[in-house]
Amino acid sequence: MSRIAYVNGRYLPLRDATVNVEDRGYQFSDGVYEVCEVKAGRLVDERRHTERLARSLSELRIAAPMSPAALGVVLRETVRRNRVRWGIVYLQISRGVARRDHAFPAAGTAPSIVVTARNLNLDAAEKLAADGVAVITVPDNRWERVDIKSVSLLPNVLAKQAAREQGAREAWFVDGQGRVTEGSSSNAWIVTRDGKVVTRQVDHGILKGITRTVVLDAIAAQGLELEERAFTVDEAQSAREAFITSASQIVLPVVRIDGRPVGNGAPGLIATALRRDFHRYAELT
Ligand code: PDD
């Protein structure tokens, strides 16, 4: 089956789905994106993803190419045409096509929109969660507005590649004070030896993950103790558990940080339970 992408109003086979070479997303990374989990062919937390998208667009002063309702139709249709049961839908909006000039193009330049969707391998994902993953740490060398979900991901790309080259699944960014900010494509969490769940507070220094928000609801509902604060690499390495969250990975236990085992080196109970129960707290539409 050939995959289908939505590009500026048309559904096209992937090989014909192209954007203009003067698209500002291509030339300047001048755009934003969202990744939404698809479960049983339905969108997970569409409302929250749509709200975050609107915020990213408004922070960068990019016009919304369509209403949230119309976008919902396009997301669903792309999922349907690609026969996605469990997987992801990806959407990207750039400031549009214009002769190359760093400053914004003329008012009225239409933003570009692309949507793709694909199945993920559920068995492989469950195996990864059952085994747990390794993370490495790298200096956080990103700009100061990573709360905006922009497609400017070069530091994240280099960090993830460093992780791969060291046999790890994810790289955690660490700020100048030795504190973990977040993963290259996930939020970072630990469970302390006395059972408190800790994740960094949201400000301009991390992305406010939708999965993070839903996991906070799960934590509150289950009566777990929570601390929203930064934690150091040392604290993480001596924690009882660690895990990461993102739309495509849900909750994924971390069992090694820079080569040192976390807890007993196996996935933790809280992370495993949060993964199992996650969709009870998410919105499926
Ligand atoms: N990444 N932090 C960063 C830097 C991310 O790129 C992501 C998501 C998250 C988690 O956000 P959410 O829970 O809303 O997925 C945190 C997506 C999945 C990606 O780039 O593929």
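Biologist: What is the order of the six strands in the open sheet?

Modeller: A strand is a DSSP run of E of at least two residues, a helix a run of H or I of at least four, both numbered from the N terminus. Strands pair if DSSP finds at least two bridges between them. Here the order is 2-1-6-5-3-4, with antiparallel pairing. This is a predicted model, where local features need pLDDT of at least 70, side-chain atom pairs count only at pLDDT 80 or more, and totals for chains, interfaces and linings use all residues. Residues are numbered from 1 along each chain as its sequence is written, and side-chain values use heavy atoms, leaving out hydrogens and water.

Biologist: Which strands are the edge strands?

Modeller: Strand 2 (10-13) and strand 4 (42-43), since each pairs on one side only. Strand 4 joins strand 3 (residues 31-39) over two antiparallel bridges, and Val38 has Leu43 as its bridge partner.

Biologist: Which residues touch the most other members of the largest nonpolar core?

Modeller: A nonpolar core is a set of buried Ala, Val, Leu, Ile, Met, Phe, Trp, Tyr and Cys residues joined through side-chain atoms within 4.5 Å; buried means under 20% relative accessible area (1.4 Å probe, protein chains only). In this core of 21 residues, they are Val89, Leu91, Ile93 and Val115. Helix 3 supplies the largest share, four residues.

Biologist: What is Ile93 in contact with, leaving aside its neighbours within four places in sequence?

Modeller: Contact means heavy atoms within 4.5 Å. The partners of Ile93 include Val32, Leu53, Leu57 and Ile113. A second, separate core of 20 residues includes Trp86 and Trp189.

Notes: Buried means under 20% relative accessible area, exposed over 50%, partly exposed in between (1.4 Å probe, protein chains only).
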